[in-house]
Amino acid sequence: MAASNPDAVYLKDYQPSAYLINRTELHFDLLEDCVIVSSRIHLLRISAPAETASITLNGEEMELLSVSVDGRKLEEEEYRVSAKALVIYSIPEQCVLACETRIRPQENTSLSGLYKSRSLFCTQCEAEGFRRITYYIDRPDVMSVFTVTVEGDLQRYPVLLSNGNLIETQQVANGRHSAVWHDPFPKPAYLFALVAGNLEYIEERFTTMSDREVALRIYVEKKDIDKCGYAMRSLQQAMRWDEEVYGREYDLDIFNIVAVDDFNMGAMENKSLNIFNTSCVLCSSQITTDLGFQRVQSIVAHEYFHNWSGNRVTCRDWFQLSLKEGFTVFRDSQFSADMGSATVKRVEDVSLLRSVQFAEDAGPMSHPIRPESFIEINNFYTATVYEKGAEVVRMIHTLLGAESFRRGSDLYFERHDGQAVTCEDFVLAMEDASGINLQQFRYWYSQAGTPHLSVQDDYDEAAQCYTLHVEQSCPATPGQAKKSPFVIPLAVGLLGEAGNLPLRLQDAPADTDTGDNTHRVLTVSQSKQSFVFEGVTERPVPSLLRGFSAPVSLHFNYSSQDLCALMRRDGDGFVRWDSAQTLLARVIFAVEQQFVSGTAAILDQLLIDACSDLLRDESLDPAMVAEMLRLPGEEYLAEQASQSGGANVDSIHQAREWVRSALGQALAPLFLQRYQGLESHLAAATEATQIADRSLRNMCLGYLVSGNRDNLALASAQYRQATNMTDRQAALKEIAFYAGHELRASTLDNFHQQWRHEALVVNQWFQVQAAIPDSEGLSRVQLLMCHADFDLGNPNKVRALVGGFVNQNLINFHHLDGSGYRFLKDMVVKLNRLNPQLASRLLTPLTKWRRYPDRGELMRAELEGLAAEPALSSDVFEIVSKSLQ
Ligand code: TRP
Ligand code: ZN
């Protein structure tokens, strides 16, 4: 490993900055081979004067041209420049520090700092990208008022944008022009943004709750101008929703969104100048699937919500990242639930949490939502900080109730407006506003790992008492051997023959909150605890963890009959779905066992009957039926299997495919009937019902093709007749996965021909092919990497093709000859130089080597190989070294 391994930073070492920066003035001279940045920062020392008044500024990958203090140019012996910093040995208590630097955005492939995305200049400063633009105190608790001048060629860069309000524009010599932007709100450097290029925009107005007019603009390349309408509507919905639900109003006269092709994540909440990955803005039914539309809506909302949860109130340090991300994900999930089906949204969120976050929390990168240390902060934009963080906020919402929670959020925003604060400040505001003690609840912030909740029951018929015995435990995680008990809100119901029973909890007042006496939230706070229900007239089936009331893994010894009962009749939509998933997973594992032991596989008749009932019941929401019929993913199944001994990807894949095919055969007439029925119904329906119908219809198509390859004719017809990308892509996927060579090749070719001018669709084309689970999996991907449309510099393409392969093509990635692992290692070596953030994210599947007893050693060998590489980025170094510990 590299001689100078990067050091870890610790939360316990936090010290406030010795200096404030009251004002920041920046001037950018945009040239064709470089950019000259001139900065003037107004410094004020706030700590007691140290012996020497030296200052250290962050700065990387730049060339210092000159530095002056209060107008006097410094001599070379007055400062020192290293690879990561500028140290000035002595400066006055209050002064203006001016630096002139040269940077090369044209050569910046890391997409952090100022870079070029094709002909466009753009920035990404979170978390620590600003230090690649100019020397600065680049930390979120240093907040400053920015004034920014951008100067560039008028033809090439007619649009010049930065944060805040446009103060003036000017023509200057040599066909150049400039624009001055001023942002009145003090902000940390990570929220700074600059965009320059040849863009068009759509504009709408929004009138806020106190009657202020805001201009909303979305900037895109001219060719994409007709694909911005949905993002604009989503923005307006989000603005209204935040006023109505949180009382939060927008605070400037202008709100801009810019879409760029090359972007490391989904989007960024820079103050009044959000920068988005094109994949999270551009939409039309021709190029975007229904899932894609949903993603645009939720990400537009997410970034907008950050204006309060993140920007007006920001983070003191990066250990507090979940303060803004967990809260904002919670807010955007509430918003999406309100805009569509709340249960479907919950099901999608929980599926993601269980397959990605639970795995992360069970692996070498396991960390609390507020980590205690990190080597590279970019590695902590994780499912734990975001999704588990949102679950923690949701639990506070559940424990306090909606009204107290709102009082808590009001207090938080009011108390800390303009400040950089901590997770502790958030919890305190919630406690102060509600009077509820959250002392023990705080373990959710400091302890990593997924708690196990094991429940047993007891029914005393004579006394008509039903008891739930609850036990919690949490596995050890790196650095945390022993855990204290968590506070776990456990939402429950009791299902009797005729429906959910009224609940009377012993020694507890009636739950007045909901008005529904068949639903109750138990608060579990000890390692072992029992809850007694009185007046229970029959032995019930417990409906547990309703709505997924806590991010725990729940164990109750349900019979398959119990699961079917919950699936059919429970009052909680989430539990109905979850019971179906448990049953499906159980059946898949049973079939896997049958394969392993060489006995003939048979499909459980209970499952067939339950699925048949689901398909017959036309009163159910088709979207929910589709979710209940969706087989648990291979990734989730592998994680489950590893909890009880070890996972075998091949037999899991086989068993899962077999179950789908057997179910497809057993219920073929029903699947066909629903498939055809939903089609005729589609044209007249509203948008929401159309989406739900398409979802079930395409689920039926999948089962039909799995059950009988002759049904590929249906897929082919659907492919040709599709009027939208959802149906077209669903059909394409069936053909790509299951058709013979000829039909597959001609369909994929047709798709490419038709859509090769739409980069986002070409990505879908790459992704579908990357996931094909046949014996040519890897060679197909390697061939596609040489395709003219592939580009290693574009993260969307890399994620589609390489990410699609390593995350969605499990049997090929895990091929026993180790070729998939070697491929990923080679990709990571290449990307480590180009784009460390991307390299490090792609690496995730290799970190799970302990899950696979039969091939973990092969995976570990590639990690060792990576560790031996020279010049590892801190991003890749951290993941590799922690995975090997
Ligand atoms: N704050 C962004 C969000 O809303 C995350 C983000 C965007 C990001 N770009 C990034 C994080 C680059 C790290 C690096 O979730
Ligand atoms: Zn965010």
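How far from an oxygen atom of ligand 1 does a polar side-chain atom of Tyr-386 lie? The distance is 2.7 Å. The structure is a predicted model, in which local features need pLDDT of at least 70 and side-chain atom pairs count only at pLDDT 80 or more, while totals for chains, interfaces and linings use all residues. Residues are numbered from 1 along each chain as its sequence is written, chains are lettered from A and ligands numbered from 1 in the order in which they are written, and side-chain values use heavy atoms, with hydrogens and water left out.

| Side chain | Atom of ligand 1 | Distance |
|---|---|---|
| Tyr-386 | oxygen | 2.7 Å |
| His-302 | oxygen | 3.3 Å |
| Lys-324 | nitrogen | 3.5 Å |

On its own, ligand 1 has 370 Å² of accessible area, and the protein covers 97% of this. Accessible areas come from the Shrake-Rupley method with a 1.4 Å probe; for residues, only the protein chains shown count as cover.

Strand E20 (267-268), helix H2 (290-305) and helix H3 (321-339) are the elements that give two or more residues to the shell. Helices (H or I, at least four residues) and strands (E, at least two) are DSSP runs, numbered from the N terminus. The shell holds 15 residues, of which Glu-126, Ala-267, Glu-269, Glu-303 and Tyr-386 come nearest to ligand 1; a residue is near if one of its heavy atoms lies within 4 Å. By class, the shell divides into five nonpolar, five polar and five charged residues. Ala, Val, Leu, Ile, Met, Phe, Trp, Tyr, Cys and Pro count as nonpolar, Asp, Glu, Lys and Arg as charged, and the others, Gly among them, as polar.

## The sheet that includes E20

Strand E20 also belongs to an open sheet of five strands, in the order E17-E18-E19-E21-E20 and with mixed pairing. Its edge strands are E17 (200-207) and E20, each of which pairs on one side only. Two strands pair if DSSP finds at least two bridges between them. Within this sheet, E19 (residues 254-260) and E21 (residues 273-277) are parallel and share five bridges; Ile-257 stands opposite Asn-274 in E21.

Strand E9 (residues 94-103) is largely enclosed by the rest of the structure, because seven of its ten residues are buried (under 20% relative accessible area, 1.4 Å probe, protein chains only). Strand E3 (residues 35-45) runs antiparallel to E9, with ten bridges, and Ile-36 stands opposite Arg-102. Strand E5 (residues 63-69) is likewise antiparallel to E9, joined by six bridges, and Ser-68 has Ala-98 as its bridge partner.

Asn-163 lies in the loop between strand E13 (159-162) and strand E14 (165-172). This residue is buried, with a relative accessible area of 2%. Its side chain reaches the backbone nitrogen of Ala-193 at 3.0 Å and the backbone oxygen of Lys-271 at 3.0 Å.

## A sheet of four strands

An open sheet of four strands, with mixed pairing, has the order E30-E26-E25-E32. Strands E30 (528-533) and E32 (553-556) each have a single partner strand, so one side of each is left without a neighbour in the sheet. Strands E25 (residues 452-460) and E26 (residues 465-473) pair in the antiparallel sense over nine bridges, with Val-455 opposite Val-470 in E26.

Terms used
Polar contact = N/O pair within 3.5 Å; in protein donor to acceptor, adjacent residues only side chain to side chain. Buried < 20%, exposed > 50% of the residue type's maximum accessible area, 1.4 Å probe, protein only.
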